[in-house]
Amino acid sequence: MLVARNLYKAYGPLQAVGGVSLDAGVGQVIGLLGPNGAGKTTTIGMLAGLVTPDQGEVRIAGKPFGGDTSETKCLLGLVPQELALFDELPAGANLDLFGALYGLNGKRLAMERERVFALVGLADRAKDKVDTFSGGMKRRLNLAAALMHDPQVLLLDEPTVGVAPQSRNAIFDNLEALKAAGKTLLYTTHYMEEAARLCDRIAIMDHGKVIAEDTVSGLLRLAPVESFVVIDLAGAFGRMAELQELDGVMEVSVSGAALRVGVRGMEMVGPLLTWLAANGAVVEHVRTERPTLETVFLHLTGRTLRDA
Amino acid sequence: MTAFIALVRKDLRIFFGDRRAVIMAFAAPILIGSFFGYVFGPKPAQEQSRVRVLVVDEDRSEVTRGLLANEATVEAVEAGLAETRDAVRKGKAPVAVVVPKGFGEAAGQALFGAGVKPQIGVLFDPSHAVEASMVKGLLTGQMMQAVTRVGFKPEAARRAMDGASLLPGDKAALGRLLDSVEAFQARPGGSGGGGLSVPFAMADEAVTAGSGVAYNAYAHSFGGMAIQFMLFMGIDVGIGMLLLRQRGLWRRFRAAPLSKSVLLGSRAVSAMVMGMLILGVVFGFAYLVFDVRISGSLLGFLGVCAAFSLMTAAYGMLIAAIGKTPEAARGVAILGTLLMVMLSGAWVPSFLFPRWMQAVTMAVPARWAMDGLDAMTWRGLGVGEAVSPILVLLGSAVVFGGVAVWRFRWEGE
């Protein structure tokens, strides 16, 4: 449904995007994960037909973009990162305007307005001005505005920025409903939990390039550890260097009185605890954690998502 | 077309939904136009303010008695020399007249070329130079009459003549003249020695739309204020477009299958509609309340209004194209607009400007709008006089609009 091939875009000396390719089928959700400045928004701009690529091509349902008035644009809905709404107007007037931009009017416009209001749960606020809405409600209306013309592909540029967890869940419910309805979603975020929850496949971007693309489980296999063992100790432990050298131990970090040990396999947990006891450590509590997409990103780039 | 109409309707709805914007656009030009029209317009005699003049009469002779007392435009107040200078310096009196001791005697002698001409001191507040000139004119006429009235009395005149260094032949001729004057003044029903007065009267006529049609200052002031606030509306149009960009709305618009001409054109049309509404409301109010009439061509008036509205819309586009951020654009746009309004003659008539500046104002589109509105309202001129302003305004709109389209940042937003 959405195919991008080898997209390049530079602004002066800055190569914002350098060779991005993506492929999203009907009913698929593709995540674009990366830190701020990774090139996600420029990529979305090219996918939406706003930014002309220096090189490469975008096709929606097999059709390329053909200028400002291209019919292909009707297949796309864009949810910008900003709350792109007219605060001075009622919610219904906002939706009517964005529907009219795609040629909707009359009964069809009214019908679509009711449909998207029902989807995002704001039907009872249709006549209220947007500036009376909470941040979460504005985010939901921001999503609704992109759905008025019932697009096949929805591009979501960080749609949950600054949203409280409850509203975020409401937006996720909306997106899952759209996915179930067969819409293709491309979702950019730097929140890995969101990407892991929603996306069928995730492309990790850094410095304008896709450095890895796979399913969540496929990406997690790129992590250098299978599991983390978090061990709370009763006192200080001084034999860190020897612990680091143990067979099967991939990494060790200390946070207060807790050791965080990355191991290659779960079979390493028993021998690790035995070794610690034999070397004078008093273990109070043990738990294990799975590696996350953050771990993968750190492994691939040497940086965390938030400080990148 | 659906999208175009929706975009125009959205702009108008936002405009009319903002009470502050509506007040600024409609009420402010009406209020300020009313004020300027009242201040600069002709007023009934009872409402005209008289210039307060302090008179220091140290001479107290027959010549200076009742100095400026019977002038309709002046309120003469006697004062002492000590407090007069201080009063003028503090702005409590715009003009003061100081007549030195011995003025009457010296003036009588000077009339026949004897002695040195005495001086009358005129102290004035520099911010009231116009009033000072008016007082000097009144003094000249009044003093000429008073000095000649006293000076031509036979005994005073002969005393002055004796003191003057005249040739014997001249003295004899002057003596005969005085004998004749004395005989003329003594005749039954004669003037009795009224002195020389200005031997003509002025017949003023303000050239307006027609003979006997009084000048209506509200026509100019309402036109000026409408121009000013339409240009302010143009700033709002430009800043509004920059805000669209900042708020991500421009990305959303661009994501829709709309041409650039629809996006910019709809904004221009909504600005034009707002501009025409401002002109309509402002001149409608002036018509109903202050009897301002389109004494010239209605077609020409509508043409000037439409052309200026289009130019204002293009001006707004230009601000949006050149401004990087709303904050940065606002300051520059306000400065540019105020300059344009000032040079248009909307605040003060452009004939008060230095000659070089008057030439500069011909390059300011708002000046042509002002001239066009004046021509079609109180000057009462025909449609032919509206053609040049309309062409200049349309040309300016094309230039502004062209630069706006050329410089507008479409990509990478």
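## A look at chains A and B

Of the 308 residues in chain A, 50% count as buried, meaning under 20% relative accessible area, with exposed being over 50% and partly exposed in between (1.4 Å probe, protein chains only). Keep in mind that this is a predicted model, where local features need pLDDT of at least 70, side-chain atom pairs count only at pLDDT 80 or more, and totals for chains, interfaces and linings use all residues. Residues are numbered from 1 along each chain as its sequence is written, chains are lettered from A and ligands numbered from 1 in the order in which they are written, and side-chain values use heavy atoms, with hydrogens and water left out.

**Chain A overall.** Chain A has 10 helices and 14 strands; these are DSSP runs numbered from the N terminus, H or I of at least four residues for helices and E of at least two for strands. The C-alpha trace spans about 80 × 45 × 35 Å along its principal axes. An automatic or database assignment sets the domain bounds, giving domain 1 (2-220) and domain 2 (227-290) in chain A. The centres of those two domains, taken over C-alpha atoms, are 43 Å apart.

Now for contacts, meaning heavy atoms within 4.5 Å. Take the ones in chain A with a separation of 6 or more: 67% of them are between residues 24 or more positions apart. The accessible surface of chain A comes to about 13,000 Å², with 52% of that belonging to carbon and sulfur atoms; the areas come from the Shrake-Rupley method with a 1.4 Å probe.

**A helix pair in chain B.** Helix α2 (residues 19-40) and helix α8 (residues 217-246) of chain B have axes that come within 8 Å and cross at roughly 145°. Axes here are lines fitted to C-alpha atoms, for helices over the stretch in contact, and angles run from 0 to 180 degrees between N-to-C directions. On the α2(B) side, the contact residues include Met24(B), Ile30(B) and Phe36(B), and on the α8(B) side they include Tyr218(B), Met225(B) and Phe229(B).

Most residues other than glycine have a negative phi.
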